[in-house]
Amino acid sequence: MHPRNIYKTPPNFDNLRKLYPEFAEKIQVDVNGKIKLDFKDPEAVRILTKCCLKKDFNLDVDIPSDKLLPTLPLRINYILWIEDLLIHCGIKEEIIGIDIGTGACCIYCLLSVRMNHNWKMFALEIDKDNVSYAKANISRNHLEEKVVVIDQEGSDDIFEKLFALDCHQKTFTICNPPFFGSVKELTQGENRSGKRKRHFSPMKESLETVFNEGGEIGFVTKILNESLVLRSKICIYSTMFGCKKNFENFLILLKSYKIDSFTTTEFVQGKVHRWAVAWSFSQNLSDFAKDVPHKSRNVILKHVIDNENFKEVHDQILKVLNELKISKKILKSENGKLYQYELESTENTWSNQRRKRRAENRNESYDNIGNTSAQKLKMGFEINMIDKSIQIKIFFVEGNMPKDSVNQVLQFIKNALNGK
Ligand SMILES: C[S@@+](CC[C@H](N)C(=O)[O-])C[C@H]1O[C@@H](n2cnc3c(N)ncnc32)[C@H](O)[C@@H]1O
């Protein structure tokens with residue numbers, strides 16, 4: 001939980017029940033006088049959320065029972081991370097945010113302007129009902145001067161209508177994307193994190209809230225593609241991910257577009273994990289990703305080979321990866337001149353092989369002590385023909401092996417290509 005999140009200390013149920021009779025109706029008091037709330041009851045959680053918004057943010061929000069119920073600590077973590085980024089970049093004035101897919105409660109916008117008196121927000125929403133609920137929630141709290149809803153109906157683009165209405169530069173985007181790509185995925189598939197089977201709860205999420213053609217990764221890729229055209233018309237683009245795999249693939253995508261100015265974070269609340277990434281094209285923010293709290297940037301290692309046959313080099317690298325027991329998944333291939341892979345290893349075979357060779361040279365027996373089964377290393381890898389040169393790129397994605405392992409793998413590949 002972010003250190004400035006007010007819910008680092010859980011809400012005081014005793015206070016809430018005294019202030020709000022509707023909350024008092026939803027709690028149980030056990031024999032020891034301890035107040036309990038049934039978190040499995042969506043209606044009880046909806047009332048708790050409403051009461052917390054009223055008490056802690058002076059927000060009167062209508063949360064329709066058939067719409068997505070926003071969990072507050074997670075959303076506050078995201079807003080606080082944006083605050084951190086803006087502080088880090090020295091952006092203090094004229095802050096204009098965009099919430100992409102604001103939902104019925106317009107939650108990010110309402111919280112954002114209550115937590116930051118100098119912020120204004122644009123709330124983008126495509127669903128007709130959500131647009132009217134969002135507008136009603138804004139006017140109920142007299143925030144029309146601070147939050148403007150953009151009805152996206154009829155627009156295939158994310159930012160087209162917004163910039164047609166107001167062409168000025170905006171400061172940041174925030175986005176909790178629609179997560180499922182198909183109704184089948186929604187009703188039968190895995191849960192948001194991609195791990196367990198999920199059960200659709202109509203009380204918590206309406207179809208249009210969570211459904212988007214292309215799913216989470218399709219939606220955020222659309223934001224990324226539009227950002228490549230708009231560039232510094234928005235200082236900082238950011239989005240959240242519910243699925244770690246999508247988050248990881250998105251980082252590879254950013255790197256493949258040579259967007260090095262990005263930073264990431266993870267929001268953790270109990271068992272719920274979410275990931276977020278922010279990227280920028282603004283020249284004066286080119287180091288915005290440096291030293292940001294929760295930063296996680298990885299160096300891209302490069303190697304260039306001149307005057308060699310691309311296919312032979314590519315085949316040789318694949319053979320080396322095989323020998324090293326590094327599994328690969330192809331992410332992109334173009335005209336036999338560019339390949340991108342996700343590499344995964346569960347064993348440090350490269351330094352073990354070096355030790356093994358040294359031991360063999362000294363006629364000593366090799367003891368395979370270094371192998372521990374719980375190791376993991378995930379890397380991004382690209383081989384690309386540029387003019388007459390072959391460029392190799394490799395970088396750390398995640399894992400518990402030291403980041404220098406990536407350097408060692410590259411060194412191993414280089415040695416193999418040099419016939420050592
Ligand atoms: C997962 S919900 C997030 C709602 C809210 N921001 C929250 O965090 O509680 C995604 C929202 O995106 C909206 N949406 C889907 N496609 C959109 C588009 N092209 N433009 C704007 N909103 C869109 C959906 O209707 C839905 O309200």
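**Helix packing and buried faces in a predicted model**

Helices α4 and α5 cross in a right-handed way. Residue numbers start from 1 along each chain as its sequence is written.

Stay with this pair. Helix α4 covers residues 72–89 and helix α5 covers residues 107–115. They pack at about 55 degrees, and their axes lie 10 Å apart. (Axes are lines fitted to C-alpha atoms, for helices over the stretch in contact; angles run from 0 to 180 degrees between N-to-C directions.) That angle makes α4 oblique to α5. (Under 35 degrees is roughly parallel, over 145 roughly antiparallel, 65 to 115 roughly perpendicular, and the rest oblique.) From α4, the contact takes Arg75, Ile76 and Ile79. From α5 come Ile107, Tyr108, Leu111, Ser112 and Met115. (Contact means C-beta atoms, placed from the backbone, within 7 Å.) By class, this contact holds 6 nonpolar residues, 1 polar and 1 charged. (Ala, Val, Leu, Ile, Met, Phe, Trp, Tyr, Cys and Pro are nonpolar; Asp, Glu, Lys and Arg are charged; the others, Gly among them, are polar.)

Now the second pair. Helix α12 spans residues 310–323, and helix α14 spans residues 404–417. Their axes come within 10 Å and cross at roughly 125 degrees. α12 and α14 are therefore oblique to each other. Their crossing is right-handed. On the α12 side sit Val313, Gln316, Ile317 and Val320. They meet Phe412, Ile413, Ala416 and Leu417 of α14. This contact has 7 nonpolar residues, 1 polar and no charged ones.

Step back to the whole protein. It has 14 helices and 14 strands. (These are DSSP runs numbered from the N terminus: helices are H or I, at least four residues; strands are E, at least two.) Of its 420 residues, 34% are buried. (Buried means 20 or more other C-beta atoms within 10 Å of a residue's own, exposed means 12 or fewer, and partly exposed lies in between; C-beta atoms are placed from the backbone.) Among contacts with a separation of 6 or more, 69% join residues 24 or more positions apart.

Next, α3, at residues 42–57. Its 16 residues reach 22 Å from first C-alpha to last, close to the expected 22 Å. (The expected span is 1.5 Å times one less than the number of residues.) Buried in α3 are Ile47, Leu48, Lys50, Cys51 and Leu53. These residues pack against α1 (13–19), α2 (21–24) and β2 (35–37). Just after the helix, asparagine 58 has a positive phi of about 50 degrees.

Helix α11 runs over residues 244–256. Its 13 residues should span 18 Å, and its end C-alpha atoms are 18 Å apart, which agrees. Its buried residues are Asn246, Phe247, Asn249, Phe250 and Leu251. They pack against α10 (215–230), β7 (234–241), β9 (272–279) and β14 (389–399). Lysine 258 follows α11, with a positive phi near 60 degrees.

Finish in strand β8, residues 262–269, which holds threonine 264. Is threonine 264 buried or exposed? It counts as buried, because it has 23 C-beta neighbours inside 10 Å. Threonine 264 and alanine 278 are 14 residues apart in sequence. In space, their C-alpha atoms are 6.3 Å apart.

How values were computed
This is a predicted model: local features need pLDDT of at least 70, side-chain atom pairs count only at pLDDT 80 or more; totals for chains, interfaces and linings use all residues. Two residues are in contact if their C-beta atoms, placed from the backbone, lie within 7 Å. A crossing is left-handed if the near helix is turned anticlockwise from the far one by less than a right angle, and right-handed if clockwise.
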